[in-house]
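Here's a quick briefing on two bits of packing worth a look.

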Amino acid sequence: MFTFDAVADEASKQEEIFAMVGKSITDSCIAGYNGSIFAYGQTGSGKTHTIQGAMTPSGEFLPGMKGLIPRVLDHMYFLMDQSEKASLGSVRFECRCSFLEIYKEKIMDLLNPTMLDLSIREDIKRGIYVENLTEQPVSSTAEALEVLRVGAANRHVAATGCNEFSSRSHSVFTITIKSKALLDDVGHANVSVDGEKEAKGKIDGEDHTRGGHKGDGDEGHQADRCVVVEAVLAGTF
């Protein structure tokens with residue numbers, strides 16, 4: 001069930017929108033839950049302004065004009081830094097970003113514009129995903145914002161009666177957050193979500209994650225010595 005929460009008028013500031021919408025969703029994603037922020041409206045109603053913010057061609061934000069995505073990133077990296085410090089190094093986070101555009105019912109990779117008409121697939125482990133979509137590893141807010149800037153520059157825009165540079169498409173900026181909690185010798189994981197509360201879990205070799213999986217790739221041989229949690233936060237506008 002969805003309930004009515006609040007109304008923001010034309011005098012509302014970007015930081016108020018983040019406090020109203022973005023902060024709690026970011027907190028949940030760091031805790032291991034998927035989240036989505038969806039901006040819907042007619043041309044010129046402020047979808048891109050709300051989600052992305054007002055950027056100069058060089059990627060700088062105008063004073064006070066950071067949208068939800070840059071504010072989410074700031075808060076996300078703050079929480080991850082606090083959690084890593086509180087865990088004394090036993091928790092590590094990895095992030096990657098993707099940015100796609102849906103234009104004339106076709107999906108384009110905004111980080112690799114040569115990839116046109118991508119396909120949506122479904123996998124028992126990954127769920128629903130876009131095949132061959134670029135996922136760029138990022139380790140800071142600045143790196144993630146550079147991904148946003150590059151992708152935004154590749155969007156389709158055109159002049160309308162409401163907006164000189166109106167986006168002519170829908171786009172989805174996705175942040176995938178993976179946390180790894182190392183286990184001690186008796187199989188306990190000490191995980192701090194908010195820098196204050198510590199949760200201890202007994203791991204018995206099964207996959208005790210929310211939407212996650214055991215380690216793979218180069219850490220596959222240590223899969224039973226860590227807990228891996230993966231969450232996705234998507235902004236659609």
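How are helix 3 and helix 4 oriented to each other: roughly parallel or roughly antiparallel? Keep in mind that this is a predicted model. The axes cross at roughly 155°, and angles over 145 degrees count as roughly antiparallel, so helix 3 and helix 4 are roughly antiparallel to each other.

**The helix pair**

- Two packed helices are described by the angle between their axes and the distance between the axes.
- For the distance part, the axes of helix 3 (residues 68-86) and helix 4 (residues 141-153) come within 9 Å.
- As for handedness, helix 3 passes helix 4 in a right-handed crossing.
- On the helix 3 side, the contact is made by I69, P70, L73, D74 and Y77; helix 4 brings T141, A144, L145 and L148.
- Sort those residues by class and you get seven nonpolar, one polar and one charged.

**The aromatic pair**

- The count of aromatic pairs comes to one.
- That pair is F99 with F173, and the geometry is edge-to-face, with 5.3 Å centre to centre and 85° between the planes.
- F99 sits in strand 4 (residues 91-103) and F173 in strand 11 (residues 170-182), so the pair links distant parts of the chain, 74 residues apart.
- Are the two partners buried or exposed? F99 has a relative accessible area of 0%, so F99 is buried, and F173, at 1% relative accessibility, counts as buried too; the cut-off for buried is under 20%.

Methods
Residues numbered from 1 in each chain as written. Predicted model: local features only at pLDDT ≥ 70, side-chain atom pairs only at ≥ 80, totals over all residues. Heavy atoms only, no water. Axes fitted to C-alpha atoms, helices over the stretch in contact; angles between N-to-C directions. Helix = DSSP H or I, 4+ residues; strand = E, 2+ residues; numbered from the N terminus. Parallel < 35°, antiparallel > 145°, perpendicular 65-115°, else oblique. Left-handed = near helix turned anticlockwise from the far one by under 90°. Contact = heavy atoms within 4.5 Å. Nonpolar A, V, L, I, M, F, W, Y, C, P; charged D, E, K, R; others polar. Phe/Tyr/Trp six-rings, centres within 6.5 Å; stacked < 30°, edge-to-face > 60°. Buried < 20%, exposed > 50% of the residue type's maximum accessible area, 1.4 Å probe, protein only.
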